[in-house]
Amino acid sequence: MSRRKLLALASPVALAVGLTGCAAVGGGNIPSANTPITQNEAQQGREYHSQILQEFGGAMQGNTAGYVRDVGQRIAVQSGLANSQSAFTVSLLNSSVNNAFATTGGYVYTTRQLVALMDNEAELAAVLGHEVGHVAARHAQRRQQAQQQNTLLGAAGAILSGILLGDSQLGSTLGRAALQGSQLLTLSFSRDQEREADVLGVNYLSSAGYDPLAMSTVLESLARQSALDAQLQGRDNASLPEWASTHPDPASRVRDAATLAAGKTGATLNRDVFLRNIDGLTYGDDPEQGVIEGRQFIHPDLRFAFTAPQGFYLVNGAQQVTINGQSGQAELRVAQASGSLTQFVSSAFQSLSGQGQALNPQIQRTTVNGLPAAYGTARASTSNGQVDVTVFAYEMDAGQYYYYQAIAPAGRSGVFTPMFQSFRRISSTEAAQVVPRVIDVVTVQRGDTVSSLSRRMAYSNGQEARFRVLNSLDSNEGLRAGQQVKLVVRGR
């Protein structure tokens with residue numbers, strides 16, 4: 001949730017692009033597989049590029065971004081989509097979700113969070129090569145053509161029709177929550193298309209001289225990270241990593257990727273080079289976008305904080321903070337609007353109303369932690385039964401409203417009351433205490449153990465589990481002196 005993106009009322013934005021986990025996007029007349037990039041595709045990619053950067057925190061600059069660009073261009077040129085590495089635009093995104101994707105026209109993306117999870121340069125090339133494989137095979141265009149669904153909705157106030165109340169914004173509350181941080185809605189690839197992208201990615205790895213087994217190892221790391229995230233958040237739906245989430249069985253895919261690598265040439269890993277280039281990389285939330293600490297969200301630039309209810313977890317998106325739980329979902333947004341708080345809440349309910357179903361709650365005024373506030377709750381019928389919809393808004397400054405949109409089963413909207421009451425301004429002193437986490441590459445010394453190094457991880461829970469997943473260590477695997485490992489520490 002960035003300051004730059006929060007200072008205007010988000011309006012519905014429909015993008016002809018889409019990405020959840022791994023995705024590729026495009027449309028129009030479909031060239032045959034592995035045909036070089038056409039002028040039309042290049043133009044489409046340029047049009048999508050700025051929108052994608054906006055949705056995913058912008059492109060990072062500096063040494064790590066340059067390194068990712070170079071690796072991505074080297075692997076992308078193996079596809080035959082273009083003969084020159086400069087034909088590909090590879091961007092490292094300032095996003096704390098595990099994601100990678102590519103668009104038509106030679107635009108390739110990965111998030112810094114996903115890069116931090118990787119163990120070597122070959123794994124970076126594997127992820128980017130897989131995405132280029134989707135583009136080379138024109139998978140997104142073929143899916144769009146087959147399904148006649150070529151409008152995909154971005155997270156910036158998008159409307160996901162038909163989930164709850166027909167053509168309503170309310171649908172997007174649950175729709176985005178289900179993404180668990182992927183930040184954009186998408187059509188998914190089929191099993192055959194995922195396998196084809198894996199095959200192409202493994203071939204690209206081999207032809208570039210990388211160890212082709214890296215596709216299997218990075219998929220395994222992603223599956224482990226997804227399972228750990230679910231465990232730490234109290235979820236039980238840990239079977240699918242965000243990247244490659246369309247495949248129904250990650251374990252099977254790991255095995256299949258290993259089988260694809262068998263007998264192929266290539267042995268380069270470049271682990272030391274990779275670790276040197278990601279040392280100091282921001283890990284997790286960027287304070288400029290707000291940070292999640294357990295159930296608390298705190299934004300040092302915008303100077304507010306709140307706490308999610310017990311049993312809920314938070315996802316920080318480009319335009320909103322999403323609050324997910326078994327007994328409801330909500331999101332926090334910001335808007336600039338004229339009129340009173342009461343008028344603003346009433347307008348918000350009108351926007352949430354679906355076809356043939358108006359939401360007309362009784363709106364009440366109150367004060368929360370010194371902030372003027374207004375709220376209302378309305379009952380609505382959905383295909384899954386009745387739900388209570390709540391809008392709770394606060395006036396931080398004249399004409400600037402922070403507001404929750406929440407949905408819960410009928411009669412259970414009170415689950416969000418503690419969160420509504422927790423919203424508050426923070427002091428400059430509290431804001432200054434928010435320090436980002438970063439990757440710190442260290443050399444294992446004699447006497448160091450997994451347990452001792454894990455205690456240096458900048459977390460209050462799951463330190464050893466986080467350390468093992470971050471470093472691709474099995475549950476009983478130890479360390480050796482001289483080995484380099486990644487820690488997550490507070491920024492230097």
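Which helix lies across β7, β19 and β20? Helix α16 (residues 463-470) does, running at about 135° to β20. The model is predicted, so local features need pLDDT of at least 70 and side-chain atom pairs pLDDT 80 or more, while totals for chains, interfaces and linings use all residues. Residues are numbered from 1 along each chain as its sequence is written, and side-chain values use heavy atoms, without hydrogens and water.

**View 1. An open sheet of 3 strands in the order β7-β19-β20.** The pairing is antiparallel (strands pair if DSSP finds at least two bridges between them; strands are DSSP runs of E, at least two residues, and helices runs of H or I, at least four, numbered from the N terminus). β7 (282-283) and β20 (484-490) are the edge strands, each pairing on one side only.

**View 2. The join between β7 and β19.** Strand β19 (residues 437-443) runs antiparallel to β7, with 2 bridges between them. T282 has V438 in β19 as its bridge partner. Helix α11 (residues 271-278) packs on the sheet and touches β19 and β20 (contact: heavy atoms within 4.5 Å). The direction of α11 makes about 10° with that of β20 (axes are lines fitted to C-alpha atoms, for helices over the stretch in contact; angles run from 0 to 180 degrees between N-to-C directions).

**View 3. Helices α5 and α8.** The axes of α5 (residues 121-136) and α8 (residues 191-207) come within 7 Å and cross at roughly 125°. α5 and α8 are therefore oblique to each other (under 35 degrees is roughly parallel, over 145 roughly antiparallel, 65 to 115 roughly perpendicular, the rest oblique). Contact residues include G129 and H130 of α5 and L200 and G201 of α8.
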